Amino acid sequence: IASFTTVDLRSSYRPGKNVELYASVSNVLDRIAPLDPSAYINLNFDPALHLDGAIGRVFNVGVKCEM
């Protein structure tokens, strides 16, 4: 199986004591997982190792509030 590396970014900001704003991007370069014909569930990739490559680029934003 060929090597597979992804780049993920995460950032957060606390505008107050009890509030956190966050954003992240998984698989920034939108890499595709390498072909793995011996995968145990016949998807041609190993989901335990290459899930980011199967899904593609993912964005996540949110707010955390602590009471």
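Modeller: This predicted model holds an open sheet of three strands, in the order 1-2-3, with antiparallel pairing.

Biologist: What makes strand 1 and strand 3 the edge strands?

Modeller: Each pairs on one side only. Strand 3 covers residues 58-65. From one strand to the next, the twist averages 10°.

Biologist: How do you know that strand 1 and strand 2 pair?

Modeller: Two strands need at least two bridges, so a count decides. Strand 1 (residues 9-16) and strand 2 (residues 19-26) have six bridges, in the antiparallel sense. A hairpin of two residues joins strand 1 to strand 2.

Biologist: What makes strand 2 and strand 3 a pair?

Modeller: The cut-off is again at least two bridges. Strand 2 and strand 3 have eight, also antiparallel. Ser26 stands opposite Val58 in strand 3.

Biologist: Why is Ser24 called buried?

Modeller: Buried means under 20% relative accessible area. Ser24 has 18% relative accessibility, so Ser24 counts as buried. Ser24 lies in strand 2. Beyond its neighbours within four places in sequence, Ser24 is in contact with Leu9, Arg10, Val58, Phe59 and Asn60.

Biologist: How do you know that Lys64 lies over the face of Tyr22?

Modeller: The distance limit is within 6 Å of the ring centre, and the angle must be within 35 degrees of the ring normal. Lys64 is at 5.5 Å from the ring centre of Tyr22, and lies over its face.

Technical notes
Residues numbered from 1 in each chain as written. Predicted model: local features only at pLDDT ≥ 70, side-chain atom pairs only at ≥ 80, totals over all residues. Heavy atoms only, no water. Helix = DSSP H or I, 4+ residues; strand = E, 2+ residues; numbered from the N terminus. Buried < 20%, exposed > 50% of the residue type's maximum accessible area, 1.4 Å probe, protein only. Contact = heavy atoms within 4.5 Å. Axes fitted to C-alpha atoms, helices over the stretch in contact; angles between N-to-C directions.
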